[in-house]
Amino acid sequence: MNDKLHAYIEEIIPERPELLSKMEHYAREHNVPIMELAGIEAMLQLLRIQKPKTILEVGTAIGYSALRMAYALPESKIVTIERDAERYQLAEQYINESGKNGQILIIKGDALEVEEDVKKHGLYDAMFIDAAKGQYQRFFEMYSRYLAKDGMIITDNVLFKGLVCEPEIENKRIRNLVKKIDGFNKWLMSHPEYYTVILPVGDGVAISKKR
């Protein structure tokens, strides 16, 4: 999708509540990676259709996507994981300000180390993976075992600014990360237990549904 069309879609998305707009501004100012508008709107629409009772989010950041889900799905319980102390504190602050602290539970720690805490609150009807991109496959393998029978897993950033289809990338760190994302995408698309589709919205969103 070209930039002009992408800008058009974002332009006609309705304004968010004041708190969410404040969070969007903070994320822009401080380079906090939050989900792109078109991508999160697509995800929220899928979740509205599914109506999950419980959602697991791997990667809270400042709590933006958790709050977007809470506003869209007021009956859902959201469990979200964040390892960065400063972002955890900010997320807690924003969630308290929203009055959604009874709906959202933040687990502080590395997603690869808090499985036992996460397990206590499952099974989960939906999962959203948006944390360290190089660990996507490990997150998926670890937490998919707590997905409910008709569950859905949504993974963000799977097209990584279009770099997954670039044959040459000069920066070694970026090249290695892109290689991991590409490997994850191919692994996921051929996974025998899931049907997966990648939507070219936002930064690329993978939707995986149990077979």
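## Strand pairing and local geometry

Val58 has Ile129 as its bridge partner in β4. This is a predicted model: local features require pLDDT of at least 70 and side-chain atom pairs count only at pLDDT 80 or more, whereas totals for chains, interfaces and linings use all residues. Residues are numbered from 1 along each chain as its sequence is written, and side-chain values use heavy atoms, with hydrogens and water left out.

**The sheet**

β1 and β4 pair in the parallel sense over four bridges; two strands are said to pair if DSSP finds at least two bridges between them. β1 (residues 54-58) also pairs with β2 (residues 77-82), again in the parallel sense, over five bridges. Within that pairing, Ile78 of β2 is the bridge partner of Ile55. On its other listed pairing, β4 is joined to β5 by five bridges, and these two strands run parallel. Met127 stands opposite Ile153 in β5.

How enclosed are these strands? Five of the five residues of β1 are buried, so β1 is largely enclosed by the rest of the structure. Buried means under 20% relative accessible area, exposed means over 50%, and partly exposed lies in between (1.4 Å probe, protein chains only). Thr54, Leu56 and Val58 point one way from β1, while Ile55 and Glu57 point the other way, and all are buried. In a regular strand the side chains alternate between the two faces of the sheet. For β4, five of the six residues are buried, so β4 too is largely enclosed by the rest of the structure.

**The whole chain**

The secondary structure comes to eight helices and seven strands, where helices (H or I, at least four residues) and strands (E, at least two) are DSSP runs numbered from the N terminus. The C-alpha atoms fill a box of roughly 45 × 40 × 35 Å along the principal axes. Buried residues make up 48% of the 211 residues. Of the contacts (heavy atoms within 4.5 Å) between residues at least 6 apart in sequence, 67% join residues at least 24 apart.

**Loop residues**

Most residues other than glycine have a negative phi, and most peptide bonds are trans.

| Residue | Phi | Relative accessible area | Class |
|---|---|---|---|
| Asn157 | near 65° | 11% | buried |
| Lys161 | about 60° | 65% | exposed |

The peptide bond from Gly122 to Leu123 is cis, with omega near 10°. Leu123 lies in the loop between α6 (115-119) and β4 (124-129).

Gly102 belongs to the loop between α5 (85-98) and β3 (104-108). Is Gly102 buried or exposed? Its relative accessible area is 63%, so Gly102 is exposed. From C-alpha to C-alpha, Gly102 and Asp117 are 17 Å apart in space, and they are 15 residues apart in sequence.
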